[in-house]
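Here is a friendly walk through a few features of this model. Please have a look at the sequence and the fold before reading on.

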Amino acid sequence: MKRCWQSWYLRILVFVFGINIVIEILGRHSFTGAFLYMAKSPAVFLLNMGIILLLFLPVFLTRRRWFVLIAVTFLWLLAGIVNGVLLTFRTTPFTAADFRLVEYALGMLTTYMSWPEIILAAAGLGAAAVFLAVVWKKAPVEEKKTHLFTAAAVCILTAAAVLGYGKYCVYTGKAAVRFGNIGQAFKEYGFPYCFANSLVNTGISKPPEYDEAMMASIEADMEPAAAYTLGEDELPNIIMIQLESFFDPSLWSGNTEEENPVPFFQYLREHYPSGYLNVPSVGAGTANTEFECITGMNLDFFGPGEYPYKTVLRKTVCESIPFDLSALGYSTHAIHNNDGTFYDRNRVFSQLGFDTFTPIEYMYDIERNPIGWCRDKILTDEIIDTLDSTEGQDFIYTISVQGHGAYPDFEYYCSQIREMDEFIQELIQRLRARKEPIAVVLYGDHLPGFSWEASEMAGGSLYQTQYVIWNNLDLPPVQKTVEAYQLGAHVLGLLGIHEGTMIRFHQTWMEKDLAAGIQGSLLRTEQLKIARKKLHQEYLDDMKALQYDILYGDREIYGEESPFQATKLQMGIRPIFVDGAAVSGNTLLVYGSNFNTYSRIYIGDKALNTTYVWPELILAADVPEDELKELRPEDLTVKQTGDDNVPLGEAIKK
């Protein structure tokens, strides 16, 4: 028995070592990088071996040991391959959060992979399944029955040793439980550890010092301020435009483009408030930059690779800029020229206080770029029409999509941001003609998914884009680097608006930081660094406690009850009407107004194959005769339905 356990343990350890090496080679895209990591961080490498080993423990509980050994090896290698593929077009490694995005990934599969690649991948998975079936049938089965008590003891002791060693690594600083930069953490701590961490580590952990007194202290520390310092009639329309993968290529030392693709954006940066924007991701993660900008919350406090849109915001209302500005009489709108269900925005935006949401399913005259994304110029009319849809001030949050990957090459990428720059110019020209105060915040959500090095960027970071605030308010052209979660507070501060808990919190601390810099100018440089580092840590500690209180805690900051309720989100700003229907042979014709290519005829819950004719007519051909004979007016509906077949809204029957 002793020789048996030792023999299988030795086999498993050999497999574990080999798997760990292969996974790191795939993830780092380098043989040398993987072995340097092992040599530089042997303790962390051993920790990752332990994590891989945990999935092999069922080997000791079954007589089909060879099958379990090979099956678990296949699962780990598959995870390593997926991670390596993902890291070819983004810097965020494979995490548990990606399981929540599978439906979106499948929808974009043909964008990032050619059909031959898709077929090859499917064939590979099919071959692997056949291989595992053959192994199940042909692999040796142990003749002797498993000694369950001994096997359980081995498994328990092994698991305890791995978990204990993990705690030791965290305690000694060799590994971290939380890390803001998941891409960098992968390089330092390895894929198995980071992936396992993302499985069990979600949400915001409760700060040890969190209690009612702490929240009262945070509230007291925020400088009391009027909701706004401008006159009510002077409050401007505020438009935030998050530009997909947008940045100025001249900031990259490897840029080979002779022609400047973003001349208008550069002009705006030179004449209006602007600066660098520190964002939470590179190459992907649009929704997380969006989350930080809308809520003022720091993503670093959440689990590794987490998307709050897919976790806490599915069921929790969160204070946001839309909620804050609604208190001042603003109408709040979101616009996105892509699927409304992407990142569950059709659900989440009501939790964030938006009154309306106009996704691509409610847009007209759609034009697509060569790889299938909607061109951003469509957003100009959508923004103007949204401004015209209300009488008072508007807050419009716009998410563009044209700059989305995958890019055939850098030249293609530049051609897309050139068109995005032209969209910006046209929009600003039309806004200049309006006789009302307006501020437009333009920024990139993250760098595009190319193989960058931080040293190649003018700002010295891959986690930086740029922002600019065009306005007709004569705001001083200040230059300031801000975090994505500070952007809203910075913009509203320039506009004299101080409404909202997170807004006032950030504005207070940014004033403290400015004052510390001025007062510390007489100190030695090292003393100033120490003082500001301490101040910044206090800022982060209070921010984490505040975010925990709002999303997971007792809402002490609001007097134990949140004042916010989810809005009844209206899809689109143009009502869609059904006036009537007629039957011609096997064709069902539906008459109305404001139909588009996403309008689909339904009989009960059954969607019909619908053809868009013009805004007043859609039809469904080849409808079974019995369905038409039994059709009742109340059974007929028209719904705006995206490519994922999820209805977003229903037309109004006259």
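Helix α3 (residues 42-54) packs against helix α8 (residues 148-171) at an angle of about 145°, the axes lying 10 Å apart. The crossing of α3 past α8 is left-handed. By class, this contact of α3 with α8 has 10 nonpolar, three polar and no charged residues. Here are the residues that meet.

| Helix | Residues in the contact |
|---|---|
| α3 | A43, L46, L47, G50, I51, L53 and L54 |
| α8 | T158, A159, V162, Y165, G166 and C169 |

Contact means heavy atoms within 4.5 Å. Helices (H or I, at least four residues) and strands (E, at least two) are DSSP runs, numbered from the N terminus.

This is a predicted model: local features need pLDDT of at least 70, side-chain atom pairs count only at pLDDT 80 or more, and totals for chains, interfaces and linings use all residues. Residues are numbered from 1 along each chain as its sequence is written, and side-chain values use heavy atoms, with hydrogens and water left out.

Now to I19, which lies in helix α1 (residues 2-28). I19 is buried, with a relative accessible area of 3% (buried means under 20%, with a 1.4 Å probe and protein chains only). Leaving aside residues up to four places away in sequence, I19 touches I52, F56, T73 and W76. I19 and M49 are 30 residues apart in sequence, with their C-alpha atoms 8.5 Å apart in space.

Terms used
Axes are lines fitted to C-alpha atoms, for helices over the stretch in contact, and angles run from 0 to 180 degrees between N-to-C directions. A crossing is left-handed if the near helix is turned anticlockwise from the far one by less than a right angle, and right-handed if clockwise. Ala, Val, Leu, Ile, Met, Phe, Trp, Tyr, Cys and Pro count as nonpolar, Asp, Glu, Lys and Arg as charged, and the others, Gly among them, as polar. Buried means under 20% relative accessible area, exposed over 50%, partly exposed in between (1.4 Å probe, protein chains only).
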